Amino acid sequence: MKADQFQAPDYYNLDELLSDEHKMVRDAAREWVKREVSPIIEEAAQKAEFPKQLIKGLAEIGAFGPYIPEEYGGAGLDQISYGLIMQEIERGDSGVRSTASVQSSLVMYPIFKYGTEEQKKKYLPKLASGEMMGCFGLTEPDHGSNPGGMTTNFKDKGDYYLLNGAKMWISNATFADIAIVWAKDEEGRIHGLIVERGMEGFTTPETHNKWSLRASATGELVFNNVKVPKENLMPEKSGLGAPLGCLDSARYGIAWGAIGAAMDCYDTALRYAKEREQFGKPIASFQLQQKKLAEMITEITKAQLLAWRLGVMRNEGTATSAQISMAKRNNVAMAINIAREARQILGGMGITGEYSIMRHSMNLESVITYEGTHDIHLLITGLDITGIPAFQ
Ligand code: TGC
Ligand code: FAD
């Protein structure tokens with residue numbers, strides 16, 4: 001892969017809206033991605049391997065639990081810093097950002113919000129340092145967009161809970177030390193359980209042959225009469241709203257992350273268009289190519305402002321789930337469209353691993369599907385503005 005020459009676009013001087021701390025956190029993540037991710041990510045994706053050596057660095061830049069209080073090992077940062085970290089990591093690769101998103105918003109967040117003090121003390125500091133990794137099991141083979149229909153279940157056996165069922169499409173499953181598993185009790189109410197690797201009957205087979213998120217490990221979680229200690233149930237919230245509350249946090253991070261992927265595609269295409277000559281001129285001098293580039297920077301700028309405003313509302317505690325949904329849907333669609341256009345600007349070179357665009361493009365096919373598909377988010381906005389659910 002070519003040397004990483006990334007220069008972040010900031011057409012509307014968004015930097016002026018950021019504090020010194022935001023910029024410091026963002027720049028540290030940016031430098032780390034240039035130094036540690038860019039040189040190795042193409043090969044990892046080609047080989048379909050998760051680059052485990054990045055875990056330590058991810059922890060050091062505060063990517064694991066950026067907004068979790070320092071007393072539990074988190075970085076104690078605000079929501080905009082969290083967003084900026086996700087943006088920078090996804091500028092490198094959506095799969096690496098996935099690992100950070102899952103660890104922060106889908107593993108540390110539920111333990112922090114719904115767990116006991118003992119659970120927080122036991123797990124959060126190790127998750128923040130990367131000594132322990134986690135995954136999040138909500139989706140099942142027959143229940144993706146409709147997680148409320150899940151069949152994974154547990155029975156109270158007096159001394160322990162007996163867990164049975166299976167989860168599918170789980171990021172980090174193959175190497176996670178713990179899994180946050182959403183399962184129904186005997187009354188059909190959803191609860192979150194912390195399942196540890198090594199518990200008898202718990203296996204995590206890998207999902208192979210992906211064309212997308214190849215540098216992220218995806219797998220299943222299979223529970224065959226797993227005895228889960230009672231103290232591993234997170235008691236503070238139950239019902240579908242508990243996992244969906246975690247998704248709010250992760251979807252918010254993705255709204256920022258997608259901007260990173262888009263920025264990388266735009267920056268690569270702009271540089272290439274100025275250097276590549278056809279018909280005796282740089283291709284950047286042709287109106288059709290300028291149209292593509294001008295539309296890209298316009299859409300990136302709009303997405304940046306959307307994410308920033310959402311971050312302010314998240315800091316104030318006023319952002320609604322529907323507002324988060326809109327940003328996730330808009331910004332991922334923006335990024336996937338930019339990746340497709342940017343790839344065309346590179347002509348044949350665009351399909352090679354010499355440049356990052358094709359990898360981003362393929363990665364974003366997962367990002368537009370996970371954490372709620374594009375269409376599900378459209379329906380969430382539809383419900384919010386009409387008051388009428390159109391899911392069924
Ligand atoms: P519905 O009846 O609307 O709601 C059930 C309960 O949940 C509450 N609720 C929420 N709470 C917090 N945050 C949200 N975003 C919430 N949305 C709904 C709601 O108030 C209600 O509470 P209560 O107390 O009244 O019971 O539920 P529904 O069954 O009609 O479904 C609604 C729908 C379709 C929007 C929801 O199921 C949905 O979002 N589906 C998409 C599923 C999804 O996003 N799965 C993601 C799996 S995890 C993942 O993809 C990780 S990828 C990670 C990576 O690698 O980066
Ligand atoms: P389906 O729900 O079967 O949807 C198929 C199509 O039907 C979609 O286009 C959808 O929009 C549409 N559709 C469904 N319902 C409706 C409706 N009511 N109205 C209109 N259209 C509808 N899950 C986890 O729990 N943890 C993870 O860590 C995780 N990581 C993932 C990593 C990857 C790489 C991928 C690809 C997925 C991951 N997922 C994870 C699962 C992801 O959240 C689901 O794939 C997603 O929620 C969609 O579910 P599905 O694939 O079953 O699609």
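A48 is found in the loop between α1 (20-47) and α2 (54-60). Helices here are DSSP runs of H or I with at least four residues, strands are E runs of at least two, and both are numbered from the N terminus. A48 is not a glycine, yet it has a positive phi of about 55 degrees. A48 is partly exposed, at a relative accessible area of 34%. The classes are these: buried is under 20% relative accessible area, exposed is over 50%, and partly exposed is in between, with a 1.4 Å probe and protein chains only.

This is a predicted model, in which local features need pLDDT of at least 70, side-chain atom pairs count only at pLDDT 80 or more, and totals for chains, interfaces and linings use all residues. Residues are numbered from 1 along each chain as its sequence is written, chains are lettered from A and ligands numbered from 1 in the order in which they are written, and side-chain values use heavy atoms, with hydrogens and water left out.

N225 also calls for a look at its backbone. N225 has a positive phi of about 55 degrees although it is not a glycine. N225 lies in strand β7, residues 218-229. Its relative accessibility is 42%, so N225 counts as partly exposed.

**Ligand 1**

Ligand 1 sits in the largest pocket. A pocket is an open set of points on a 1 Å grid over the protein atoms alone, where a 1.4 Å probe fits, with protein on both sides within 12 Å along at least five of seven lines. To sit in one, a molecule needs more than half of its atoms within 2 Å of its grid points. α4 (94-114) and α6 (241-275) are the elements that give two or more residues to the shell around ligand 1. The largest share, six residues, comes from α6.

There are 25 residues around ligand 1, and S171, D248, R251, E371 and G372 come nearest. A residue is near if one of its heavy atoms lies within 4 Å. The shell divides into 11 nonpolar, 10 polar and four charged residues. Nonpolar means Ala, Val, Leu, Ile, Met, Phe, Trp, Tyr, Cys and Pro; charged means Asp, Glu, Lys and Arg; the others, Gly among them, are polar.

**Ligand 2**

Ligand 2 sits in the largest pocket. Of the 18 residues around ligand 2, T139, S145, W169, T373 and F391 come nearest. By class, this shell has nine nonpolar, seven polar and two charged residues. β3 (160-171) and α10 (374-386) each supply at least two residues of the shell.

**Polar contacts**

A polar contact to a ligand is a pair of N or O atoms within 3.5 Å.

| Residue and atom | Ligand atom | Distance |
|---|---|---|
| S171, polar side-chain atom | ligand 1, oxygen | 2.7 Å |
| S321, polar side-chain atom | ligand 1, nitrogen | 3.2 Å |
| E371, backbone N or O atom | ligand 1, oxygen | 2.8 Å |
| F136, backbone N or O atom | ligand 2, nitrogen | 2.9 Å |
| T139, polar side-chain atom | ligand 2, nitrogen | 2.7 Å |
| W169, backbone N or O atom | ligand 2, nitrogen | 2.7 Å |

The protein covers 68% of the 970 Å² of accessible area that ligand 2 has on its own. Such areas come from the Shrake-Rupley method with a 1.4 Å probe.

**Y370**

Y370 lies in the loop between α9 (357-367) and α10. Y370 is buried, because its relative accessible area is 19%. Y370 and D248 are 122 residues apart along the chain, and their C-alpha atoms are separated by 13 Å.

Technical notes. A polar contact is a pair of N or O atoms within 3.5 Å; within protein, one must be able to donate a hydrogen and the other to accept it, and residues adjacent in sequence count only if both atoms are side-chain atoms. On a 1 Å grid over the protein atoms alone, a cavity is a set of points where a 1.4 Å probe fits but cannot get out, and a pocket is an open set with protein on both sides within 12 Å along at least five of seven lines; lining residues have an atom within 4 Å of a point.
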